[in-house]
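Colleague: I am new to this one. Can you show it to me and take me through the terms?
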Amino acid sequence: MLAHVPSGDGRWRRSEVQVRALALDFGGTLARPGPRADGAVIARVLGSGPGGVPEGFAAVFDGVARRMREEGRALGVQSVFAEQLERALRECGASVPDLEGAIEAVFSAVPDAEVDPVAAEALRRLRRAGLRCVLACDTQRPESVRRRTLVAAGIADCFDALVLSSTVGVRKPHVRFYEVVVAAAGCRPEEILFVGDTPAKDALGPHAYGMQAVLVSPEPPAGLPREIGVVGHFAELPELLGAGRG
């Protein structure tokens, strides 16, 4: 489908460029955000005693993770969970024999975000209308875990590609993240509609990069450019794009 984006909220100064692809945020857009893997959860999953983590690991991990997240945000890069875990283990004088397996075990034990069934149906409508779809989100979860979540929700086949900060190594609104999104979408930036619930990452950043953007928000934030559309829920997007129910 080649969709002209109409003005949905009466304030939108839409682009005349046709939309060929969607870049979609996950938590807060398609799904309800899931819990973070904190030190207590990791200690429980990895166990204690021989071959496990020492007493006090949970507090050490939480401190390390907080510092690394702050450092990452300041630099605009992803704070990688594997590096957080390795650093916390070193500070405790411990190690795990299979780091990749440990990470998989942790995120298998921590529930991922719960996909909103209404948003999922809207996504299926958009996919049936012929739009390419790229999942474009910040997450510490490995791609294998996020794919399982999409499969369980019945929307894995809606996506042509997954662009995750845990894989790319930078978080939105880093320019490198948007470069990877455009490459995955396979079309020009102006032909991509980026949709998400965080103004800086999902609306202003993509807009500055040359993409079209729609913010999922109850109200337009003050100062939002009129070229950025606003919808109250992702489920409004098919009507906005003229995607039928077939």
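Predicted model: local features only at pLDDT ≥ 70, side-chain atom pairs only at ≥ 80, totals over all residues.

Colleague: Why are α4 and α6 called roughly parallel?

Modeller: The axes of α4 (residues 99-109) and α6 (residues 143-152) cross at roughly 30°. Angles under 35 degrees count as roughly parallel. Therefore α4 and α6 are roughly parallel to each other. Their axes come within 10 Å, and the crossing is right-handed.

Colleague: Which residues make the contact of α4 and α6?

Modeller: From α4, Glu 104, Phe 107 and Ser 108. From α6, Ser 144, Val 145 and Arg 148. By class, that contact has 2 nonpolar, 2 polar and 2 charged residues.

Colleague: Why is Thr 149 called buried?

Modeller: Thr 149 lies in helix α6. Its relative accessible area is 13%. Buried means under 20%. So Thr 149 is buried.

Colleague: What does Thr 149 touch, leaving out residues up to four places away in sequence?

Modeller: Phe 26, Asp 112, Ala 113 and Val 115.

Colleague: What makes the pair of Thr 149 and Asp 112 a polar contact?

Modeller: Their side chains make that contact at 2.6 Å. The cut-off for such a pair of N or O atoms is within 3.5 Å, so the Thr 149 and Asp 112 pair is a polar contact.

Colleague: Which residues of α9 are buried?

Modeller: In α9 (residues 199-209), they are Asp 202, Ala 203, Gly 205 and Pro 206. The buried residues of α9 pack against α8 (175-185), β6 (192-196) and β7 (212-216).

Colleague: What follows α9?

Modeller: Gly 210, with a positive phi near 110°.

Notes:
Residues numbered from 1 in each chain as written. Heavy atoms only, no water. Buried < 20%, exposed > 50% of the residue type's maximum accessible area, 1.4 Å probe, protein only. Helix = DSSP H or I, 4+ residues; strand = E, 2+ residues; numbered from the N terminus. Contact = heavy atoms within 4.5 Å. Axes fitted to C-alpha atoms, helices over the stretch in contact; angles between N-to-C directions. Parallel < 35°, antiparallel > 145°, perpendicular 65-115°, else oblique. Left-handed = near helix turned anticlockwise from the far one by under 90°. Nonpolar A, V, L, I, M, F, W, Y, C, P; charged D, E, K, R; others polar. Polar contact = N/O pair within 3.5 Å; in protein donor to acceptor, adjacent residues only side chain to side chain.
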